[in-house]
Amino acid sequence: MTKVEVSFQHLPTTAISDATGGHTNLRSEIKPLADHFKIAGRAVTVRLPDGENGAVLEAIRAANEGDILVIDAKGNTNRAVAGDFVISLAKGLGVQGFVVDGVIRDIAAIRELDFPIFALGTTVAAGNKNGGGQVNIPIAVGGVTVHPGDYIIGDVDGVIVVPMEDAERIVAAAESKLEKDAARAQEAHANGKESIIAYLDKVLGK
């Protein structure tokens, strides 16, 4: 794991979003299957035709340990991009997680695998494997463009994309934001109600 990836692992998505200006947050409908899931790594991108999932296997094979599969399933909620068997393959090869603009299935078994997935939800129907998907090309997921190698950070609040060329700048800005937030909290709560009122009056210009 690189220094940047380690930094992103320890930063909340809210601070990263503030540092980016909120322009690369995925739509809030893409949610983690469990609140404790946290991901931070490089994107392997997948574009799927409607109802297809064959290229997911190609992406798993192409991924490096710690990578995150980011899957453009065009918001399809009828057919799953993966089930527990495919997820077990990804986990076995060290893939860190999936971000899916679509759905998965076999949710109970996947939860037992404790594998981080951020998706629109679940379905009972399997995807088709008739071909036509593409791997490691620019895609659009959750309203945001994702390029291969971009940084993907996700936690209980959501998922954010950081273009690879901006990563170090965004890490520094997010860390600075957390320091400012801590100082603000200290100021506001230093003396109970008195300091809260003083802080509010300062912000409100009273």
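Helix axes here are lines fitted to C-alpha atoms over the stretch in contact, and the angle between two of them runs from 0 to 180 degrees between N-to-C directions. Keep that in mind for the first stop, and remember that you're looking at a predicted model.

**Stop one: two helices.** Select residues 13-20, which form helix α2, and residues 167-189, which form helix α6. The two pack at an angle of about 115 degrees, and their axes lie 8 Å apart. Angles of 65 to 115 degrees count as roughly perpendicular, so that's the label for α2 against α6. The crossing of this pair is right-handed.

Now show side chains at the contact. From α2, pick Ala15, Ile16, Asp18, Ala19 and Thr20; from α6, pick Ile170, Ala173, Ala174, Lys177 and Leu178. Colour them by class and you'll get seven nonpolar, one polar and two charged residues.

**Stop two: the largest pocket.** The space inside comes to about 150 Å³. Which elements give two or more residues to this lining? They're α2 and strand β12 (158-162). By class, the lining splits into four nonpolar, six polar and two charged residues.

**Stop three: the cavity.** Finally, select Leu48, Pro49, Asp50, Gly51 and Glu52, plus Ala73, Asn76, Arg79 and Val81. They surround the largest cavity, with a volume of about 30 Å³. Its lining has four nonpolar, two polar and three charged residues.

Methods:
Residues are numbered from 1 along each chain as its sequence is written. This is a predicted model: local features need pLDDT of at least 70, side-chain atom pairs count only at pLDDT 80 or more; totals for chains, interfaces and linings use all residues. Side-chain values use heavy atoms; hydrogens and water are left out. On a 1 Å grid over the protein atoms alone, a cavity is a set of points where a 1.4 Å probe fits but cannot get out, and a pocket is an open set with protein on both sides within 12 Å along at least five of seven lines; lining residues have an atom within 4 Å of a point. Grid points are joined across faces, edges and corners, and a volume is the space filled by probe spheres set on the points. Ala, Val, Leu, Ile, Met, Phe, Trp, Tyr, Cys and Pro count as nonpolar, Asp, Glu, Lys and Arg as charged, and the others, Gly among them, as polar. Helices (H or I, at least four residues) and strands (E, at least two) are DSSP runs, numbered from the N terminus. Angles under 35 degrees count as roughly parallel, over 145 as roughly antiparallel, 65 to 115 as roughly perpendicular and the rest as oblique. A crossing is left-handed if the near helix is turned anticlockwise from the far one by less than a right angle, and right-handed if clockwise. Contact means heavy atoms within 4.5 Å.
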